[in-house]
Amino acid sequence: MRFNHSVWNSVAIAIAVGLAAWTLRPVFANADVLTWLPALLGISAILGVLCVLMSLPRLVTTAIQVLGMAALLLWIGFRWAPTPEDPESSWYEPLILLGGMGTAVVRNSTTPLPSEVGLTWLLLCILALVLVATELLVNALEQPAWSLAPLGIVYGVGAVTLPMELEWSAFIAIVTGYGLILLSSTHLAGAGTRRVRFQASRVVVVVAMMGVAALLAPLLSPFVPLGDKQPWLQAGRNAPIQLSDPSVLLSENLQRPSEEVVLRYTTDSEEPVYLRTVALNLLTTEGAKLDEMSLSSTGLSGDYTAPGEEVEVQVQMLMPSQYLPVPFAVDSFDADGRWAHAADTMSIVATGQDGVEQTAGLEYEATSTVPNPTREDIVAATAGAAPSGEDTLTVPTGLDDAVPALTDSVTAQSATDGEKALAIQSFLRSGEFEYSLEAPEKVGIDVISSFLLEDRAGYCIHFAAGMITMARLEGIPARMAIGFTPGERIGDEWVVTTHNMHSWPELYFEGLGWVPFEPTKSVAGPPEYTDPDAADPSPSPSVTPSDSNAASPPPSSPPAEPTEDPTVDPASNSMDDSNRVGWLLLLGVGVLVALPFTLRTLMRLWRLRAGQEPAAAAENAWREVRSLFIDTGQKWSTASPVLAATEVGGNARKPAASQLAAVAETVERARYAREGADTSELGHQVRAFRKDFLAAQPGDARLKALLLPQSLVFPRTR
């Protein structure tokens, strides 16, 4: 077995690295992180093929590949990177910030990781290094067997971090890529049968060793010191953001002795709007509370797709807040500072170094799609499969047995899930319940049972938790939203105070998405589209002047969270926009690569076209034959056609040699014979000669003749 510096080596390496990267899919929330990978692999493969065809030194080839990939990575990096705060910073400072965003996601997030731009760029850089390492091992050092090392490292990341989610297809992908490298870079020409069997046995042993390693990696993963992936609610050096419990903040603000203005806002909506800060999926025996939150700095506009009315708000924050109050579901926002959002709840969280202080005095704009179904839509609605999964359907253990029985009696006359939700809401707003701030601050399961069965007194968080519990018992996904009721209108703006802080349930229906309900007594009334007749005029610390639109967001595949590092504005730093431009750039590179082949094909078609005068047809046919020899690197003779065919035909196999002789005879007769020659079949003869002649050439020479035809530059000499 000898090393073979084949033109296909770089192509095989690119495919192998691509297959290795494919095994990382379970590590990330979605495959967006690999969107740019084909462009990176394509540049490496194309440059490698072209350099081999031009017979460039191997190290020079690798250097050119490095430059090509570096150009792509720099172009992507500067498009995605945030602008440094210091205008006199170094030119490479944006790339450092972008890399810092990526490392922050890895350090502070749990798997699966999000498709955040910093992490995507870092992954591309790492895979570029894997490509370079594999190229050096295979082509420069002529050690293709060792290419298993960089490929195995990529596979090992998934095998160690997610041992239970990595399928056997990942191992097959690595073996396939490794096999392609061995096939392209080695050959057994002249080896005896025993030698072939010996080499084949070595390959089997290597594959078996890979299989053992693939099995051991998951088993050893618990002993690998990967470090703690900090959840949002856990303090630590690598978790600078510790989110406060919004239910506690709600209770504190409602019970303030005097209300304070939190924010002012204007809106283009005809109705006032609820401003939502966060939603709670988790309902345990300790109550509704904030779970680990996974944040992302990109993809905001595509995270929620349910129908609704577009609403714009302009907000001035007067008090610090960890969360940015916006209508649900927010599509975009423009606010100074560093922010990230939870795709599961559409909550906007401050991630800058100033923390909550960056919201004090902040003025910002937001555009949202606010749910606006009709009452008929709600009545006919069916419970949907919430994007957040079972978390919004789980009924905590320990609930009193009488609560399910109560729920059954309340919904007994309801034919649809939507009617059940309306019935539960009407029950909680009925005269059987009383609004009271004297209820316990925590909403534990025992407290929920007591609220629904005995005391029947509480404030908004109790009413919301009661409806969520009953909705889940009926199989309707539900969660608790926390934010602000619309406030009081003064002139053209709305003023929201601490006493407007509020919680309400959100229920998920097929085709409608997350729909807000208002079961709390003393709030001006439920949204008009749910139960317009249930309004209760009694006063409340959560005073609202009229009906309002509210809602909560749906979740998508888990993303992750950059914390202490810069956050990229989703509107201005879109991976989607960059991808389109990047693919156009890659298409342009492909066109340039195909240009010589296209020009050479057009030239051949023109030379061998029908309807030419015999003399012109003969000369053009002979030029085409000469160009073919030049393209394949063969010697050419300047003698007369018949003599030239005899001289150069010795390098061709019999079919091609006889066809060349026939072409030469026709050309020579057309030149010198008085009666001329019949050139009507000359084009067919040249094409037949070209086909057999190219088929007899080595693969590298044939590919070189097609992609880099030298006759375009040197039409007469080699």
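Good morning. I shall begin with an open sheet of three strands, in the order S7-S10-S11, whose pairing is antiparallel. Strand S7 (295-296) and strand S11 (347-350) form the edges of this sheet; each has a single partner strand, so one side of each is left without a neighbour in the sheet. Please keep in mind throughout that this is a predicted model.

Let me take the pairings in turn. S7 is joined to strand S10, residues 339-342, by two bridges, and these strands run antiparallel. Within that pairing, Leu295 stands opposite Ala342 of S10. On its other pairing, S10 meets S11 in the antiparallel sense over four bridges. Here His341 stands opposite Ile348 in S11. The hairpin of S10 and S11 has four residues between the strands, and Met346 takes a positive phi there, near 60 degrees.

Are the faces of S10 covered or uncovered? Both are covered: Trp339 and His341 on one side are buried, and so are Ala340 and Ala342 on the other.

Of its 718 residues, 52% are buried. The accessible surface of the chain comes to about 31700 Å², and carbon and sulfur atoms hold 57% of that area. As for the contacts in the chain with a separation of 6 or more, 76% of them are between residues 24 or more positions apart.

I turn next to a second sheet. This one is open, has four strands in the order S4-S15-S18-S19, and is again described by antiparallel pairing. Its edges are strand S4 (275-280) and strand S19 (513-516); each has a single partner strand, so one side of each is left without a neighbour in the sheet. Direction ignored, neighbouring strands of this sheet are turned by 35 degrees against each other on average.

Five bridges join S4 to S15, and the two run antiparallel.

Among the residues involved is Ala481, whose bridge partner in S18 is Trp504. A helix also belongs to this picture: H14, residues 460-473, lies across S15 and S18, and runs at about 15 degrees to S18.

Helix H1 covers residues 9-22, which is 14 residues. From its first C-alpha to its last it reaches 20 Å, close to the 20 Å expected at 1.5 Å a residue. Why may H1 be called largely enclosed by the rest of the structure? The reason is that 10 of its 14 residues are buried. Those buried residues of H1 include Asn9, Ser10, Ile13, Val17 and Gly18, together with alanines such as Ala12 and Ala21.

Helix H2, residues 37-53, has 17 residues and reaches 24 Å between its first and last C-alpha, close to the 24 Å expected at 1.5 Å a residue. In H2, 14 of the 17 residues are buried, so H2 is largely enclosed by the rest of the structure. Ser55 follows H2, and its phi is positive, near 60 degrees.

Is Ser321 buried or exposed? Its relative accessibility is 15%, so Ser321 counts as buried, given that buried means under 20%. A polar atom of the Ser321 side chain lies 2.5 Å from the backbone oxygen of Tyr323. Leaving aside neighbours within four places in sequence, Ser321 is in contact with Val356 and Thr359.

The other serine is Ser430, in the loop between helix H12 (417-428) and strand S13 (434-435). Ser430 has a relative accessible area of 22% and is therefore partly exposed.

Thank you for your attention.

Conventions. Residues are numbered from 1 along each chain as its sequence is written. This is a predicted model: local features need pLDDT of at least 70, side-chain atom pairs count only at pLDDT 80 or more; totals for chains, interfaces and linings use all residues. Side-chain values use heavy atoms; hydrogens and water are left out. Two strands pair if DSSP finds at least two bridges between them. Axes are lines fitted to C-alpha atoms, for helices over the stretch in contact, and angles run from 0 to 180 degrees between N-to-C directions. Contact means heavy atoms within 4.5 Å. Buried means under 20% relative accessible area, exposed over 50%, partly exposed in between (1.4 Å probe, protein chains only). Accessible areas come from the Shrake-Rupley method with a 1.4 Å probe; for residues, only the protein chains shown count as cover. A polar contact is a pair of N or O atoms within 3.5 Å; within protein, one must be able to donate a hydrogen and the other to accept it, and residues adjacent in sequence count only if both atoms are side-chain atoms. The expected span of a helix is 1.5 Å times one less than its number of residues.
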